[in-house]
Amino acid sequence: MDFREDTFMLILGLIVIAFILAQSIFFLVKAIRRGKEIGMAGSVMKNTVVQSILFTITPALAIVATVVALAPALGIILPWIRLSVIGNITQETAAATAAIEAVSSGNLATPITDKHVFSVVAWVMTLASSLPLVVLPLCLKRLQKGMNKAMSKAGDAKLTDSLAAAAFIGLIGAFIARALAGKGTATQLADGTVQMNYDGAGILSVATLLVAIVVMLLLSKLAEKKNIGWLQNFAMPISMFVAMGAAIALFHLLPESLATFEFRAPVVS
Amino acid sequence: MKKERTYTDRMHRTGSIWSIVMFLVLLGVPVAFSAFYNIWPTFGEVWSGLWPVAMLFYPTAIIEIIAYSPLLGTGGMYLSFTTGNISNLKLPCALAAMDTANVKSNSEEGEVITTIAVATSAIVTTVIMAVFVLLLRPWIPKLTDPSSFFAPAFKQVMPALFGALGASYFSKHWKISILPILILTLIVAINGTVAVGVLIPVGVVISILGALLFYKLGWL
């Protein structure tokens with residue numbers, strides 16, 4: 001049997017997943033208990049759970065896609081473990097590629113058949129991502145105390161509100177800019193042809209963003225005017241689904257040249 | 001007299017213990033594999049694969065800890081950094097939950113809501129991944145293949161997610177939204193390879209400076 005997906009690897013995967021679920025359930029129960037202690041309404045916490053479930057489904061499927069992308073070289077179990085703990089698409093792909101290239105002539109598209117290479121990849125992927133688990137216990141408490149102090153020193157409530165909102169907007173802006181402008185890279189293949197690394201940043205990304213914003217604002221307005229509580233709670237996940245539906249519809253309805261249009265000519269790497 | 005621990009203190013303590021436990025569990029995977037097959041890579045082999053990514057990801061991890069810390073709260077931070085996929089899932093999920101529940105990130109209610117949101121999101125992600133990996137594996141390529149009917153949606157997860165999330169912030173604070181988004185888009189347009197980990201602190205600093213300037217000018 002393929003060592004990358006045998007019973008031993010499966011048991012390792014299940015152990016890791018069990019710990020992840022245990023920690024998540026532990027924190028969930030603690031937070032709900034705390035919410036009750038400080039008098040928060042049960043309905044608010046229940047809505048948070050339901051909204052978070054809806055909000056998570058599609059990005060989680062996108063993460064499954066990352067597992068699939070790494071599976072040809074690493075099998076399904078190691079990417080599954082790595083994407084369940086700390087991991088994210090950029091980091092895991094980069095770590096796996098660097099490790100494979102460091103000890104073999106393979107790449108992410110070809111299966112690793114050498115256990116030694118596989119063990120190097122497993123070590124590199126683990127060590128590349130685990131720094132926060134060591135740093136957080138050492139510094140998070142002090143960091144948050146310092147930040148709270150700085151915020152309370154700001155004084156004026158309007159200013160502190162605006163500064164907090166500005167921090168959110170700066171952060172969200174970084175992702176929106178990336179989604180709108182993309183990377184614009186390409187890879188030169190062995191036969192000399194240039195293959196564009198399509199990252200979706202073009203007409204479709206702008207349209208998806210605008211649909212999400214407009215639908216969200218319309219639903220919020222509607223919920224507020226007609227006093228529809230459930231709509232207020234689920235406006236965000238609904239807007240996200242509608243925007244992604246719009247992306248699918250536009251991709252299939254628009255002429256190919258528009259649907260796959262990207263703003264920038266790729267740079268040949 | 002012994003000082004009574006606050007909820008946040010207790011969360012720091014439990015969070016730290018869980019982080020260390022998860023670090024050991026995580027490290028256990030390559031250790032168990034190497035021990036089981038009696039194949040131990042040399043330090044040099046691991047280092048040659050590790051250093052190029054560590055040079056990039058270790059500083060990014062530190063920046064992310066600083067940038068996300070005021071937004072995710074104590075419980076949310078420990079859990080997010082264990083379960084990963086923060087920027088593309090846990091953070092927007094927590095921000096959306098706070099916005100809907102109408103609570104602030106540095107309040108006790110915000111702490112509860114972010115922890116519930118991140119924990120729920122982590123459980124759902126773990127279950128979805130386990131179901132697909134263990135049971136629905138043959139179906140995955142049909143969903144995610146570039147030629148699949150649904151593929152365009154997977155490419156547009158981020159604009160859909162951050163558009164829905166940003167809408168209420170942009171409409172409430174439109175005056176301070178324009179400057180950071182404009183400058184960030186310009187930066188990415190000039191150099192597309194700038195990592196999100198670098199863009200975030202730049203965006204936060206520009207946005208805060210812009211808000212301070214507007215406040216001084218009396219435009220807020």
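Predicted model: local features only at pLDDT ≥ 70, side-chain atom pairs only at ≥ 80, totals over all residues.
A nonpolar core, as the term is used here, is a set of buried Ala, Val, Leu, Ile, Met, Phe, Trp, Tyr and Cys residues joined through C-beta atoms within 7 Å. Buried means that 20 or more other C-beta atoms lie within 10 Å of a residue's own; with 12 or fewer the residue is exposed, in between it is partly exposed, and the C-beta atoms are placed from the backbone.

Residues are numbered from 1 along each chain as its sequence is written, with chains lettered from A and ligands numbered from 1 in the order in which they are written.

Let's start with chain A. There are 10 helices and 3 strands in chain A, where helices (H or I, at least four residues) and strands (E, at least two) are DSSP runs numbered from the N terminus. Read from that end, the order is α-α-α-α-α-α-α-β-β-α-α-α-β. Helix α1 (residues 7–37) of chain A has 31 residues, and its end C-alpha atoms are 45 Å apart, which agrees with the 45 Å it should span at 1.5 Å a residue (the expected span is 1.5 Å times one less than the number of residues). Just after α1(A) comes G39(A), with a positive phi of about 85 degrees.

Chain A is assigned domain 1 (3–153) and domain 2 (185–268); such bounds come from an automatic or database domain assignment. Where they touch, domain 1 of chain A supplies 5 residues and domain 2 of chain A supplies 6 residues, a contact being two residues whose C-beta atoms, placed from the backbone, lie within 7 Å.

Now for the inside. Buried residues are 48% of the 269 in chain A. The largest nonpolar core has 156 residues, and those touching the most other members are A99(A), V121(A), V124(A), A212(A) and A243(A). Its biggest contributor is helix α7 (residues 157–181) of chain A, which gives 15 residues. Domain 1 (3–153) and domain 2 (185–268) of chain A each put in at least three residues. Take V121(A): leaving out residues up to four places away in sequence, V121(A) touches L74(A), A96(A), A99(A), I100(A) and I112(A).

How far to trust it? The model scores ipTM 0.79 and pTM 0.78. Chain B averages a pLDDT of 87, pLDDT being the predictor's confidence in each residue, from 0 to 100.
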